[in-house]
Amino acid sequence: MYRKILYIKANPKPEEDSYTFKLANEFLKYYKQENPDDQITELDLYKEGIKCLDQKMLKELSDKERNEMHRHALQFAKSDKYIIAAPMWNLSVPAILKAYFDYVSYAGITFKYTEKGPMGLLGDKPRRVMHIVSRGGQYSEGPYKAFEMGDEYVRTILGFMGIIKVETLALENTNVLNGNELHEKVREAYKEAKRMGKHF
Ligand SMILES: Cc1cc2nc3c(=O)[nH]c(=O)nc-3n(C[C@H](O)[C@H](O)[C@H](O)COP(=O)(O)O)c2cc1C
């Protein structure tokens, strides 16, 4: 049976100028080879016009059952696997991805309130997430590890909704390395993209 994959794109750059998108495309190439029947839906958050929740939207959340957040939350909840492509911006994710999670963290669809506190609703089937990220520096290990708040945030908010199987594919040091060293780093990341793409 085919699965529904939601490919969430959170970078305003064109594909060819983005390390994140190029790494994601490499990952997708191998994923598609292994899973030709899966249905992949691309969700470019910039083209979609995702914006910070404003007064009107907050009002709609409480007054109107069907609204933009509701539509996105349903699409999110109907997916089996998620690929999130987002570069590191100021130690975290681009704000548009946070705004998107403000849409899809929707009471009654992705989580619910209980007497014991909020409870994720997306643990009902074995969902998986691949977070693909490019960073100018190094945060996966070393002295700046504790500064990393993007992958941490993505994992935490997904866990809040009940999705705990989250993996990360990262290309780091793009602003630190040059020439052959950078080329080698990209090559290593692509190799990892191939391995992870085949097994996701
Ligand atoms: C607005 C902005 C903020 C950034 N903040 C950071 C940062 O906090 N730490 C870091 O290591 N790199 C930072 N970078 C660099 C990017 O993470 C890095 O260039 C990355 O490879 C970009 O991926 P992309 O080519 O897919 O856009 C920032 C870049 C931009 C445009």
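**Strands, helices and cores**

Visitor: Which residue in β6 is the bridge partner of Ile84?
Guide: His131 in β6 is the bridge partner of Ile84. The model is predicted, so local features need pLDDT of at least 70 and side-chain atom pairs count only at pLDDT 80 or more, while totals for chains, interfaces and linings use all residues. Residues are numbered from 1 along each chain as its sequence is written, and side-chain values use heavy atoms, leaving out hydrogens and water.

Visitor: How many bridges are there between β3 and β6?
Guide: Five, and the two strands, β6 being residues 128-134, pair in the parallel sense. Two strands count as paired if DSSP finds at least two bridges between them. Strands (E, at least two residues) and helices (H or I, at least four) are DSSP runs, numbered from the N terminus.

Visitor: What is the strand order in the sheet?
Guide: The order is β2-β1-β3-β6-β7, an open sheet of five strands with parallel pairing. At the edges are β2 (39-44) and β7 (166-171), each pairing on one side only. On average, neighbouring strands are turned by 15° against each other, direction ignored.

Visitor: Which strands does α1 touch?
Guide: Helix α1 (residues 19-34) packs on the sheet and touches β1, β2, β3, β6 and β7. Contact means heavy atoms within 4.5 Å. The direction of α1 makes about 145° with that of β6. α4 packs on the sheet too, touching β1, β2 and β3, and its direction makes about 130° with that of β1.

Visitor: How are α4 and α5 placed, roughly parallel or roughly perpendicular?
Guide: Their axes come within 7 Å and cross at roughly 90°, so α4 and α5 are roughly perpendicular to each other. Axes are lines fitted to C-alpha atoms, for helices over the stretch in contact, and angles run from 0 to 180 degrees between N-to-C directions. Angles of 65 to 115 degrees count as roughly perpendicular, under 35 as roughly parallel, over 145 as roughly antiparallel and the rest as oblique.

Visitor: Which residues make that contact?
Guide: On α4 they are Glu68, Met69, His72, Ala73 and Phe76; on α5 they are Tyr100, Phe101, Tyr103 and Val104.

Visitor: And what about α5 and α6?
Guide: Those axes come within 12 Å and cross at roughly 5°, so the two helices are roughly parallel. Leu97, Lys98 and Phe101 in α5 meet Tyr153, Val154, Ile157 and Leu158 in α6.

Visitor: New topic. Which residues touch the most other members of the largest nonpolar core?
Guide: Of its 33 residues, they are Ile8, Leu45, Phe76, Leu97, Tyr100, Phe101 and Leu158. A nonpolar core is a set of buried Ala, Val, Leu, Ile, Met, Phe, Trp, Tyr and Cys residues joined through side-chain atoms within 4.5 Å. Buried means under 20% relative accessible area, exposed over 50% and partly exposed in between (1.4 Å probe, protein chains only).

Visitor: Where do the core residues come from?
Guide: β1 (4-9), α4 (68-78), β3, α5 and α6 (150-160) each supply at least two. α5 gives the largest share, seven residues. A second, separate core of 21 residues includes Phe21, Tyr31, Leu171 and Leu177.

Visitor: What do β4 and β5 form?
Guide: A hairpin, with two residues between the strands. β4 (residues 111-114) and β5 (residues 117-120) run antiparallel, joined by four bridges. Thr114 stands opposite Gly117 in β5.

Visitor: Last one. Where is Ser92?
Guide: Ser92 is in the loop between β3 (81-85) and α5 (95-104). Not counting residues up to four places away in sequence, Ser92 touches Pro87, Met149 and Gly150.
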